[in-house]
Amino acid sequence: MSIRLPSADGGLRLHVPLTPPLAPLSCGPARSRTFYSAAHVVADPLRACADGPPAIDWETTLAFRRRLWDQGLGVAEAMDTAQRGMGMDWPAAAELVRRSAAEARAVGGRIVCGAGTDQLAPDTEHSLAAVTAAYEEQLAHVEESGAGSVLMASRALAAAARGPEDYLAVYGALLRQSARPVVLHWLGPMFDPALEGYWGHAGLDEATDVFLKIVSEHPEKVDGIKVSLLDAGREVDIRRRLPAGVRCYTGDDYHYPELIAGDGELASDALLGIFDPIAPIAARAAHALDRDDAAGFRELLDPTVELSRHLFAPPTRYYKTGVVFLAWLAGHQEHFAMVGGLHSARSLLHLGKAYELADGLGLFPDPELAEARMRQLLSLHGVAS
């Protein structure tokens, strides 16, 4: 069988699905690295309305997280992969944190959850005190759930801060009162343009110095940092400058194999959105490192980079559309609909390529189902496949 997919020249090209699916995997967490998958949420299209709160299919959302835990991966909950700031409001995110943390306790899964300031009204300038209070509310909620915390970059802080000293003050206050070590997240403007100039500097060298100053002043309160700048050289430099005991969780969806493999002296752990669609491969790669099989690790993970770079292509913030699309093709959910209508954010050409690349990696447990759903999408767009 073959399927006709959109081509860049405006025509159609043939794709022949040949790669057999990966066998089901059930294993414990790897020992050599900590791998978190930033997981997507599954919308409930029957309850969604344009002017109402986000409608989430809780059962299917939690089932996806159980699948990640069963493969030995940790879950990074309520991060930008779960549409924080792009359709998910704070009440929905708070419920997501509560439910997922309870599920993690029930199955013994590793979990960290994002704490930010998105309960503050957008397009309004807030005081630093209001930004700090918003962070405190979300941090308290995550800690009360029993999960680890990720202090996410804040649009409100980016708008309110007048210089690096304001970042030092806000983050210092939060770290002094955190009940357990947190992960600090530096999300670059390619993921969210509103975060341009974070840490009080437009220049990345100066911003890096401020970021590392916060870590160095509170090393006992920082489990690790997550760097999402798509700049491998900068991450390596930051990793080298971290205090002893502070992890670097790569958030680089372009260069993750080399960053996780390390340079022979230091290596990154991982907190990645791409681990949502490539979970079966990521889990196998993690265990290859446990066996000191660096070559096997790269043989598994290197071929996934083309898919990741495609999903995270500019505008990078819309990568979530491809993640959910692949979950639908894989049979992990029964529809291709997203909170806030974000399923329309990528072109048919983009989605067709994502299908082809994922199929080539064996990521579809039922390739015939994936092909049928791809044909369904093409038909909806008036394309005879």
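The structure described here is a predicted model, in which local features need pLDDT of at least 70 and side-chain atom pairs count only at pLDDT 80 or more, while totals for chains, interfaces and linings use all residues. Residues are numbered from 1 along each chain as its sequence is written, and side-chain values use heavy atoms, with hydrogens and water left out.

## Helix packing

Two packed helices are described by the angle between their axes and the distance between the axes. Here the axes are lines fitted to C-alpha atoms, for helices over the stretch in contact, and the angles run from 0 to 180 degrees between N-to-C directions. Helices (H or I, at least four residues) and strands (E, at least two) are DSSP runs, numbered from the N terminus.

| Helix pair | Angle | Axis distance |
|---|---|---|
| Helix 3 (128-145) and helix 5 (164-177) | about 30 degrees | 10 Å |
| Helix 5 and helix 6 (204-217) | about 25 degrees | 10 Å |
| Helix 13 (348-360) and helix 14 (367-380) | about 170 degrees | 11 Å |

With an angle of about 30 degrees, helix 3 and helix 5 are therefore roughly parallel to each other. Helix 3 passes helix 5 in a right-handed crossing, a crossing being right-handed if the near helix is turned clockwise from the far one by less than a right angle, and left-handed if anticlockwise. The contact (heavy atoms within 4.5 Å) is made on the side of helix 3 by Leu128, Thr132, Tyr135, Glu136 and Leu139, and on the side of helix 5 by Asp166, Val170, Tyr171, Ala173, Leu174 and Gln177. These residues divide into seven nonpolar, two polar and two charged, where Ala, Val, Leu, Ile, Met, Phe, Trp, Tyr, Cys and Pro count as nonpolar, Asp, Glu, Lys and Arg as charged, and the others, Gly among them, as polar.

Helix 5 also packs against helix 6, at an angle of about 25 degrees, which makes helix 5 roughly parallel to helix 6. This crossing, too, is right-handed. Pro164, Tyr167, Leu168, Tyr171 and Leu175 of helix 5 meet Val210, Lys213 and Ile214 of helix 6, and the residues of this contact comprise seven nonpolar, no polar and one charged.

Helix 13 and helix 14 pack at an angle of about 170 degrees, which makes helix 13 roughly antiparallel to helix 14. Their contact joins Leu348, Leu351, Gly352 and Tyr355 of helix 13 to Ala370, Glu371, Met374, Leu377 and Leu378 of helix 14, with seven nonpolar residues, one polar and one charged.

## Pockets and a cavity

On a 1 Å grid over the protein atoms alone, a cavity is a set of points where a 1.4 Å probe fits but cannot get out, whereas a pocket is an open set with protein on both sides within 12 Å along at least five of seven lines, and lining residues have an atom within 4 Å of a point. Grid points are joined across faces, edges and corners, and a volume is the space filled by probe spheres set on the points.

The largest pocket holds about 600 Å³ of space, and of the 30 residues that line this pocket, Arg84, Gly85, Asp118, Arg155 and Asp192 lie nearest its centre. Helix 4 (155-160) and strand 7 (182-187) each supply at least two residues of this lining, and helix 4 gives the most, with three. The lining has 13 nonpolar, nine polar and eight charged residues.

The second largest pocket holds about 380 Å³, and its 24 lining residues include Arg67, Gln71, Pro280, His332 and Pro365 as the closest to its centre. Two or more residues come from each of helix 1 (58-70), helix 9 (279-290) and helix 12 (319-329), with helix 1 giving the most, four residues. By class, this lining has 17 nonpolar, three polar and four charged residues.

One cavity of 30 Å³ or more is found in a search of the whole structure. About 80 Å³ of space lies in the largest cavity, which is lined by 15 residues, with Asp80, Thr81, Lys226, Gly273 and Tyr319 nearest its centre.

## Backbone details

Most residues other than glycine have a negative phi, and most peptide bonds are trans. Aspartate 123, in the loop between strand 5 (111-115) and helix 3, has a positive phi of about 60 degrees although it is not a glycine. A cis peptide bond, with omega of about -10 degrees, joins proline 314 and proline 315, and proline 315 is found in the loop between helix 11 (305-311) and helix 12.

Technical notes. Parallel < 35°, antiparallel > 145°, perpendicular 65-115°, else oblique.
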